[in-house]
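Please look over the sequence and the model shown below before reading on.

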Amino acid sequence: MPKNVNHIGIAVKSIEETAEFYKKLGLEIESIEVVESQKVRVAFIPVGDVRIELLEPTSDQSTIAKFIEKKGEGIHHVALGTENLIDKLAEAEANGIRLIDKTPRSGAHNAQIAFLHPKSSHGVLLELCEEKKT
Ligand code: ZN
């Protein structure tokens with residue numbers, strides 16, 4: 001069973017511009033990194049135990065760029081924190097859930113991540129994510 005909501009992914013045109021908004025709420029960016037494989041810059045804003053993940057495309061070819069083009073800025077995915085991600089994916093597939101990622105890939109924050117298909121999860125793009133202990 002997933003153990004928490006790890007983060008909420010939000011597609012934005014500019015991390016810097018979006019950060020100005022969150023600053024007004026008293027929230028600060030904790031870190032920014034580029035995830036080359038996904039063609040995104042990723043900023044994390046901690047809110048209690050949950051993080052807001054701002055996703056800014058670094059290329060027109062990024063899936064985030066395509067998302068913004070189609071739907072505008074907004075919530076892109078919800079990430080559930082889990083342990084033993086590989087087992088969880090196998091379990092989900094055995095339970096008839098469609099997967100986008102059959103094997104985990106590397107995400108921001110040194111985490112292993114995998115997406116479930118929104119056709120299975122009633123319209124929400126769900127990410128399962130396993131953070132590596134540091
Ligand atoms: Zn995410």
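## The zinc site

His7 has a relative accessibility of 3% and therefore counts as buried, the cut-off for that term being under 20%. The model in which this value was computed is a predicted one. His7 is one of the protein donors of the zinc ion, which it meets through its NE2 atom, and the others are Glu53 through OE, His77 through NE2 and Glu127 through OE, with distances from the ion of 2.1 to 2.4 Å. The angles among the four donor atoms run from 81 to 156°, and the site of the zinc ion is irregular. Along the sequence, the donor residues follow the spacing H-x45-E-x23-H-x49-E. His7 belongs to strand 1 (residues 4–11) and Glu127 to strand 8 (residues 126–131), and this pair, 120 residues apart, links distant parts of the chain.

Glu127 is likewise buried, with a relative accessibility of 3%. His77, which lies in strand 5, also counts as buried because its relative accessibility is 3%, against a limit of under 20%. The side chain of His77 makes a polar contact of 2.8 Å with the side chain of Glu127, and another polar contact, of 2.8 Å, joins the side chains of His77 and His76.

Which residues of helix 2 are buried? They are Ile64, Ala65, Phe67 and Ile68, and, seen down the axis of helix 2, these buried residues fall within an arc of 160°, so they line one face of the helix. As a general point, an α-helix has 3.6 residues a turn, so residues three or four places apart point the same way. On the other side of helix 2, the exposed residues are Thr63, Glu69 and Lys70. The cover over the buried residues of helix 2 includes strand 1, strand 3, strand 4 (50–57) and strand 5 (74–81).

The N-terminal end of helix 2 is capped by Ser62, a side-chain oxygen of which lies 3.0 Å from the backbone nitrogen of Ile64. After helix 2 comes Gly72, which has a positive phi near 85°.

## The nonpolar cores

The largest nonpolar core has ten residues, namely Ala11, Val35, Val40, Val42, Phe44, Leu55, Ile64, Phe67, Ile68 and Ala108. To this core, strand 3 (40–47) and helix 2 (63–71) each contribute at least two residues. Another core, of nine residues, lies apart from it and has Ile10, Tyr22, Leu27 and Ile45 among its members.

Ala108, a member of the largest core, touches Val35, Val42 and Phe44 as well as Glu33, when residues up to four places away in sequence are not counted.

## Helix 3

In helix 3 (residues 85–94), the buried residues are Leu85, Lys88, Leu89 and Ala92, and they cover an arc of only 100° around the axis, which puts them on the same side of helix 3. The face turned away from that buried side carries Ile86 and Ala94, which are exposed. What covers the buried residues of helix 3 includes strand 7 (111–116) and strand 8. Just after helix 3 comes Gly96, with a positive phi of about 85°.

Gln38 has its place in the loop between strand 2 (31–35) and strand 3. With a relative accessible area of 18%, Gln38 is buried, because the term applies under 20%.

Not counting residues up to four places away in sequence, Gln38 touches Ser62, Arg105, Ser106 and Ile113, whereas Arg105 touches Gln38, Ala111, Gln112, Ile113 and Phe115. Arg105 and Cys129 stand 24 residues apart in sequence, and their C-alpha atoms are 9.6 Å apart in space.

Methods
Residues numbered from 1 in each chain as written. Predicted model: local features only at pLDDT ≥ 70, side-chain atom pairs only at ≥ 80, totals over all residues. Heavy atoms only, no water. Core = buried A, V, L, I, M, F, W, Y, C linked by side-chain atoms within 4.5 Å. Buried < 20%, exposed > 50% of the residue type's maximum accessible area, 1.4 Å probe, protein only. Helix = DSSP H or I, 4+ residues; strand = E, 2+ residues; numbered from the N terminus. Contact = heavy atoms within 4.5 Å. Donors = N, O, S within 2.8 Å, 3.2 Å for Na, K, Ca; no water. Tetrahedral: all angles 85-135°; square planar, octahedral: opposite > 155°, others 65-115°. Arc of directions from axis to C-beta. Polar contact = N/O pair within 3.5 Å; in protein donor to acceptor, adjacent residues only side chain to side chain.
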